[in-house]
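This briefing is for a reader who is meeting the structure for the first time. Please look at the sequence and the model below before reading on.

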Amino acid sequence: MVWFTEYQTENVGLTIRAKEVKTIKSKYQEIIVLDTQEFGKVLVLDGAIQTTEKDEFMYHEMLVHPALVKHPNPQRVLIIGGGDGGSVREALKHKTVEEVHLCEIDEEVIFVSEKYFPSISSKLRDPKVKIFIEDGNHFLEERKNYYDVIIMDSSDPIGPAEVLFQEKFYKKVKESLKENGIMVAQTESPFLQEEYFKNAVKEIKKVFKYVGIYTGFVPTYPAGMWSYTIASDDINVLENVNEEKLEEIETRYLDKELYKSLFAIPKFVKELVNE
Ligand code: SAM
C-alpha cells in the first residue's frame, strides 16, 4: 500500500491510498494508474487526477448531456481531449447522434484507458466513433461549419491544453459549429482554481452570444466542486428545454429535476463571473 497525493494547489493536497501504482511515460505526459480501495482505478496525468471509476459518472454526465439535450437534433459531435472515453460513452446514449469524433493529443491515454478502465472506455471502438490523434487546436482549422455539438473535455490549462482556454481557440470552435451549434467546456474549480475558472469564462463570453455556467460535485477534483460553461450563438442555452430527452437515457447523476435548475449556482460563483 502506498499513499498518493495530488497537489491541487501549492498548499492543498488530496491523498488516496493505493494497492498498486503503475507509471507509464508518454510523449506528452506521465500517466499513472492507481488501484485504490475507495475510488477503484484512478487515472492521473502529470500529477493531476483525471478520472476515477467511482466518480467519473458525475463529471461525464454533467459535461455531456446538457448540451446534447438543449440541441434540437444533435447528429455530429466532437470531443476534444477526453481520451479516457467517458464523454464518448455518454454522447452515444443520445439516439440522434450519428457520428462522434474524438480528438485526443496523446494516444497513450486511450491505450491506458482501454487496458485499465474498460467501463469508461467501453464505447471508444463503436462504429459511430472516429478517433483522431491530433492537437485540438489545429484539428479545428480544417473543419468549418461541421459539428452540432463540441465538447471540451481537456486537462487543466497548462501545457498542451493551455491554448484550449483562449479566445482565439473559442473562435475556431465557433467556426466549426453548424447553425444552432452548442459548445460546452469543463472550466475548472471555482473554489480552488478561481483564476482558471474566471479566465475561461471571460474568454468564452468574448466569443459567444449566449453563455451559461453551471456547477457540479466531483469528489476527486479540486475542492470537489466543478464548473462547466455552455455557449452558443444561435440557441439560448440558458433556457432548460427538452428535459424529456433525459428520460430516454440512463443516468446516475443528472435527472430532470437537476436539469431544470441547472443554472441555480452558488452566489459566490455568479459574483466571480460578473466581476
Ligand atoms: N476529466 C478530466 C479533467 O477535467 O480532469 C479531463 C480528462 S481527459 C483524460 C483530458 C485529455 O485532454 C488528456 O488525455 C490530454 O491528453 C488531452 N489534451 C490535452 N491537451 C490537448 C490538446 N491540445 N488537444 C487534444 N487533447 C488534449
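The model is predicted. Helix α7 packs against α6 and also comes into contact with α9. A search of the whole structure finds one cavity of 30 Å³ or more, and the largest pocket holds about 340 Å³ of space.

**Helices α6 and α7**

- Two packed helices are described by the angle between their axes and the distance between the axes.
- Helix α6 covers residues 167–176 and helix α7 covers residues 194–207; they pack at an angle of about 45°, and their axes are 9 Å apart.
- The two helices, α6 and α7, are therefore oblique to each other.
- The crossing of α6 past α7 is right-handed.
- On the α6 side the contact involves Glu167, Tyr170, Lys171 and Lys174, and these meet Ala200, Glu203, Ile204, Lys206 and Val207 of α7.
- Sorted by class, this contact of α6 with α7 has five charged residues, four nonpolar residues and no polar ones.

**Helices α7 and α9**

- Helix α9 is formed by residues 267–274, and its axis and that of α7 come within 9 Å and cross at roughly 55°.
- That angle makes α7 oblique to α9.
- As α7 passes α9, the crossing is right-handed.
- From α7, the residues in this contact are Glu194, Phe197, Lys198, Val201 and Lys205, while α9 brings Val269, Leu272, Val273 and Asn274.
- The contact of α7 with α9 has five nonpolar, three charged and one polar residue.

**The largest cavity**

- Rolling a probe the size of a water molecule over the atoms shows where empty space is left.
- The largest cavity contains about 430 Å³ of space.
- Its lining is made up of 34 residues, and Leu45, Gln50, Asp153, Ser154 and Ser155 are the closest to the centre of the cavity.
- Strand β5 provides the largest share of the cavity lining, with three residues.
- By class, the cavity lining has 16 nonpolar, ten polar and eight charged residues.

**The largest pocket**

- The space in the largest pocket is about 340 Å³.
- This pocket is lined by 18 residues, and those nearest its centre are Leu45, Asp46, Ala48, Asp156 and Ile158.
- Strands β1 (2–7) and β5 each supply at least two residues of the pocket lining.
- The pocket lining has eight nonpolar, seven polar and three charged residues.

Notes:
Residues numbered from 1 in each chain as written. Predicted model: local features only at pLDDT ≥ 70, side-chain atom pairs only at ≥ 80, totals over all residues. Heavy atoms only, no water. Axes fitted to C-alpha atoms, helices over the stretch in contact; angles between N-to-C directions. Helix = DSSP H or I, 4+ residues; strand = E, 2+ residues; numbered from the N terminus. Parallel < 35°, antiparallel > 145°, perpendicular 65-115°, else oblique. Left-handed = near helix turned anticlockwise from the far one by under 90°. Contact = heavy atoms within 4.5 Å. Nonpolar A, V, L, I, M, F, W, Y, C, P; charged D, E, K, R; others polar. 1 Å grid on protein atoms, 1.4 Å probe; cavity = no way out; pocket = protein on both sides within 12 Å on 5 of 7 lines; lining within 4 Å. Points joined across faces, edges and corners; volume = space filled by probe spheres on them.
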